[in-house]
Amino acid sequence: MSDLVLLLIATGLVVLAGCFAMVDAALSEVSPARATELAREDVRGAGTLHAVAVDAARHISLLLLLRLVCEVTATTLVAIVAVDTWGVGVAAALATAGAMTVVTFVVIGVAPRTLGRQHAYGIALATAGLTRWLGRVLGPLSQLLILLGNALTPGRGFREGPFATQAELREIVDLAEQRGVVEHDEREMLHSVFSLGSTIVREVMVPRTDVVFIERSKSVRQALALALRSGFSRIPVVGENVDDVVGVVYLKDIVRRTQGGGDAEKNLRVGDVMRGAEFVPESKPVDELLREMQARRIHMAIVIDEYGGTAGLVTIEDVLEEIVGEITDEYDVERPPVEHLDGGSVRVTARLPVEDLGELFGVTLPDDEVETVGGLLAQALGRVPIPGATAVVQGLELVAESVGGRRNRIDTVLVHRVRPPGEEDPDAGDHTDDVSRPEKTQENQTADA
């Protein structure tokens, strides 16, 4: 075969490799949702394009394989011509490598991929039939080579091959922000969506120590008082302890059953009006949880740890906050960390560090297990504080005040001294409030109505 024929074949292979690169780039830009809309509009080839886009990773890996075959074959043919012309030597090798590097970079790496991204849907629609046919015929070969590559690669490989990665998508989003296509907040939101699949429920749940529970034996009037004071419209119901969650009581159910009044309502127990609870493991991916919540129309689930105990709870708002950030309402206001009042009292935010509070009053407060004033109050009470809850720690009286945020956590704590520094506390360790008795623990959350 003459050198001219070999060069013509090599040229044809380079053009074919460029076509594969162009289709690869176009397919990377195609959205299955957009393909579905085109199919509804009866656009020719849209149905086939949707089938290809749904399984884009497999088709992209195949296109990459075909492109590499064309590139290597073309390079080999050019090398044969160079050897036949200049003979075997360094000059022939360098000439072949230099020429093919320029050709493959320009003709395959830049121009076709640019066209593919500029006219993504037009090219993808025109080539969808051929791409799908190649996937059916050569797809098993591509998958076999991917399995072979994964077997030779240390660690866990990628089932569909490492050709369409999340890192590439993140880079595209970053470039879009730099060019002004998306705003900074939109970029952060997109990155949060990418991370959703690798986030587990334990990372977004409300921990057990921040959950307000109520016993099933309490009356509905006590449940109503607790719901109004805590600000929660859904409260988990427990049996023997907090690891025995038996249901969830809804504020609207309580109001509906207590609206008429009378002796019957006074004797009504929480167990009579509660609904069933949903349970999820703490290791469940958040994106799967969101899909389940949407499909089953549930807004809250109890999180279970590996030992079957209650780890916390998760709501659909907790999942959404992973995407859009902290959700607040019109009642949330910014407060100064420390506000001095008349009579020596101080109003501090619940997030104020414990050591800062100790410096304000010149006392040493325990900060080995908790870091914030809100955590110190919860530790002293032995349960989640609600407005009005009171405890005495090292001669300082802590009174929980307003609640803030979507989770209705204590927002501020009123602090004042009840005895001089250094004076012994006759009731050390005895922390009471106007909600529950001293001996009550975490699971006793209801008001003694």
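How many bridges link strand β6 and strand β7, and in which sense do the two pair? In this predicted model, β6 (residues 300-304) and β7 (residues 310-315) run antiparallel to each other and are joined by five bridges. Zoom in on β7 and you'll find Leu313, the bridge partner of Ile302.

| Helix | Residues | Strands touched | Angle with β7 |
|---|---|---|---|
| α14 | residues 286-296 | β5, β6 and β7 | about 65° |
| α15 | residues 316-324 | β1 and β7 | about 70° |

Now step back to the sheet as a whole. It's an open sheet of four strands, in the order β1-β7-β6-β5, with mixed pairing. β1 (206-207) and β5 (279-281) stand at the edges: each has a single partner strand, so one side of each is left without a neighbour in the sheet.

Over to the surface, where there's a nonpolar patch to look for. Val102, Phe105, Val106, Val107 and Val110 make it up, and together they have about 430 Å² of accessible area. Take Val110, which lies in helix α5 (residues 90-118).

Finally, the whole protein. You can count 17 helices and 14 strands in its secondary structure. Of its 449 residues, 40% are buried. The accessible surface comes to about 24,700 Å², and carbon and sulfur atoms account for 55% of that. Among contacts with a separation of 6 or more, 60% are between residues 24 or more positions apart.

Technical notes:
Residues numbered from 1 in each chain as written. Predicted model: local features only at pLDDT ≥ 70, side-chain atom pairs only at ≥ 80, totals over all residues. Heavy atoms only, no water. Pairing = 2+ DSSP bridges. Contact = heavy atoms within 4.5 Å. Axes fitted to C-alpha atoms, helices over the stretch in contact; angles between N-to-C directions. Patch = residues over 30% accessible without salt bridge, like charges linked within 9 Å, V, L, I, M, F, W, Y side chains within 5 Å. Areas by Shrake-Rupley, 256 points an atom, 1.4 Å probe, with all protein chains shown as cover. Salt bridge = Lys/Arg side-chain N within 4 Å of Asp/Glu carboxyl O. Buried < 20%, exposed > 50% of the residue type's maximum accessible area, 1.4 Å probe, protein only.
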